[in-house]
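Dear colleague,

Please find below the structure that I am handing over to you. My notes on it follow directly after.

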Amino acid sequence: MWNSVTNEFDEPHVRTYAEILTQKQDDEGYRTASSVKQDCIESDVLEIYKLGNEPILTRQKHIAFLKKSLYHLSEPFQYLDSSRPWLCYWNLHSLQILGERLEYDEYSKIIGFLAKCQSPEGGFGGGPGQHPHLASTYAAINALCTIGTPQAYQVIDRKGLKQFLASLHGEDGSFRLHKDGETDIRGIYCALSVAKLTNVYTPELFKECESWIARCQTWEGGFGGSPGMEAHGGYAFCGLAALVLLGKPHFCCLKSFLRWAVNRQMRLEGGFQGRTGKLVDGCYSFWQGGAFPLIHTILTMQNKVFNSAYWLFNQEALQEYLLICCQHPRGSLLDKPGKIQDVYHTCYALSGLTVAQHSPKPSIIGSTNLNLVKLIHPLYNLEDSCATNALKYFSTLPIPD
């Protein structure tokens with residue numbers, strides 16, 4: 001925590017191996033397929049924690065991995081060819097969190113590529129010539145906002161974007177992800193995020209969305225992908241963030257959501273699971289962890305009595321999991337120990353790391369000089385200055401007809 005006397009961060013509590021060991025699951029003498037898998041991951045994690053390694057962010061290795069991944073992916077990841085704006089966003093956002101900027105020429109090449117992904121119908125596809133899709137539109141606009149130059153901003157066809165969003169809006173408040181496509185809660189979040197960032201938002205464009213989102217909240221407290229589906233970390237973040245963007249968080253039963261969310265942090269590992277009964281996964285460091293700043297904001301707005309100095313999860317334990325268990329020796333952050341390198345988990349693990357570090361009273365385990373990463377804006381999952389600059393730029397432009 002920040003010490004105003006020494007102008008330094010006080011060292012937060014890092015769990016001892018003995019403390020971690022007491023958090024092993026109790027299957028109450030009834031072994032299931034799920035409990036066996038949980039035993040396996042706990043054994044793997046305990047072996048790592050037992051080594052007593054220092055939590056040190058291997059920043060330069062991650063930067064090297066990400067820069068290489070911008071231009072070359074190994075054969076197992078060729079299936080992501082239809083998700084190329086996502087690859088731009090995951091890499092650029094991760095580099096931004098790590099404090100690394102690319103050269104002007106490199107950004108220009110990426111801007112030029114993303115421009116080719118934009119459809120004449122508005123929105124962006126997964127690659128040049130592909131049909132526009134809300135998810136790839138979100139990724140492309142976030143990538144352009146991360147670059148943050150006038151050239152990047154001016155690529156976005158705001159009039160076409162607004163028309164594209166309007167074409168996907170259903171009368172019941174749902175959003176299809178693409179023309180004649182499925183509806184789920186990701187669609188509303190992606191549409192709202194890009195509409196707010198680029199200043200094309202109008203109340204009519206998102207009519208009835210809050211009611212449809214409310215129908216997605218489950219008996220557990222989280223949000224499912226659509227009404228009747230199981231609560232899930234990614235969908236839960238999208239649902240809560242969308243309600244905050246709409247200015248209507250009261251459509252979420254927050255008490256129920258908070259109970260569900262706090263129980264997704266794994267006691268032994270320190271990271272988050274995505275659903276009840278599932279294993280820890282590094283990407284949920286953001287999809288679950290990123291919901292807590294939003295919860296904090298809502299509670300503050302409601303004048304609720306709570307400890308407002310911290311997010312409502314164990315921030316130090318999450319940092320332990322990410323820095324001690326999830327760093328690949330050749331760069332990148334992982335789902336869990338033993339998994340392969342990929343930019344998706346690197347992006348959302350780093351996003352979760354910054355959420356864990358930057359509560360109202362910053363809490364950074366290990367060396368602050370080595371481990372501190374940039375602050376993000378949790379609603380958009382953009383580095384804070386990138387979100388601020390984009391919002392400021394587009395706010396000066398009129399909302400398209």
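Rings of Phe, Tyr and Trp (for Trp, the six-membered ring) are taken to pair if their centres lie within 6.5 Å, with planes under 30 degrees apart counted as stacked, over 60 as edge-to-face and the rest as tilted. On that basis, W86, Y89, W90, Y138, Y189, F237, F286, W287, Y344 and Y348 make up one aromatic cluster.

This is a predicted model, in which local features need pLDDT of at least 70 and side-chain atom pairs count only at pLDDT 80 or more, while totals for chains, interfaces and linings use all residues. Residues are numbered from 1 along each chain as its sequence is written, and side-chain values use heavy atoms, without hydrogens and water. The average pLDDT (the predictor's confidence in each residue, from 0 to 100) is 95 for the chain, and 97% of the residues score at least 70.

The structure contains 23 aromatic pairs. One of them, Y189 with F237, is edge-to-face, at 5.6 Å centre to centre and 75° between the planes. Y189 belongs to helix α9 (residues 185-198) and F237 to helix α11 (residues 233-246), 48 residues apart; helices are DSSP runs of H or I with at least four residues, numbered from the N terminus. Y189 is buried, at 2% relative accessibility, where buried means under 20% relative accessible area, exposed over 50% and partly exposed in between (1.4 Å probe, protein chains only). F237 is likewise buried, at 1%. F286 and W287 also form an edge-to-face pair, 5.4 Å centre to centre with 65° between the planes, and both are buried.

Yours sincerely

Methods:
Helices (H or I, at least four residues) and strands (E, at least two) are DSSP runs, numbered from the N terminus.
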